[in-house]
Amino acid sequence: MEARFNYYGTAAGQKFVKHINSAGHAMAATGLPNTTTQLVLLRASQINGCAMCTDMHYKDAVHAGDEPERLNLVAAWREATKFTDAERAALELTEQGTRVADGAGGVSDEAWARAAEHYDEEQLAALISTIALINAYNRLNLISRVPAGDYKPGQW
């Protein structure tokens, strides 16, 4: 598979990505655990079918020390015993925040309440921002048809 368009090879694309990368880096200092961030990035990418981001965030999570077995269960997190209650709340918020176009009505009050039980306001802001950001990245890659498989941890 080849990319249909080199979005990242354009001045406009590079400028946009520079700014959204900055937004992502700003979320790192919020206290949201990196393991949670990686789970969110991976799950939204799976839902959206973004191979590039699924590949990248799986590899980054393994590189950061997460267990491959656990990461292989992200798509089935409800039935898996490998996730904390806080991680489950983040994954639920991710799914509902990612599937807004599926007619599901957005994020339910129950899902929000579960997330708010585990994360403070700064962490919730980081969680919301991370979900929004990865959905934007997924769309950039899907529209451009960026192929997956060659990512090396820390590459970007």
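Helices (H or I, at least four residues) and strands (E, at least two) are DSSP runs, numbered from the N terminus. This is a predicted model, in which local features need pLDDT of at least 70, side-chain atom pairs count only at pLDDT 80 or more, and totals for chains, interfaces and linings use all residues. Residues are numbered from 1 along each chain as its sequence is written, and side-chain values use heavy atoms, with hydrogens and water left out.

Q: Why is glutamate 92 called buried?
A: Buried means under 20% relative accessible area, exposed over 50%, and partly exposed in between (1.4 Å probe, protein chains only). Glutamate 92 has 11% relative accessibility, so it counts as buried. This residue is found in helix H5 (residues 85-98).

Q: What is glutamate 92 in contact with, leaving aside its neighbours within four places in sequence?
A: Contact means heavy atoms within 4.5 Å. With those neighbours left aside, glutamate 92 is in contact with Trp77, Ala111 and Arg114.

Q: Which members of the largest nonpolar core touch the most other members?
A: A nonpolar core is a set of buried Ala, Val, Leu, Ile, Met, Phe, Trp, Tyr and Cys residues joined through side-chain atoms within 4.5 Å. Of the 15 residues in the largest one, Val17, Ile20, Met52, Cys53, Ile134, Tyr137 and Leu140 touch the most other members. Two or more residues each come from helix H1 (11-26), helix H2 (34-48), helix H3 (51-63) and helix H7 (121-144). H7 gives the most to this core, with 4 residues.

Q: What does tyrosine 137 contact beyond its neighbours within four places in sequence?
A: Tyrosine 137 is in contact with Tyr8, Val17, Ile20, Asn21 and Cys53.
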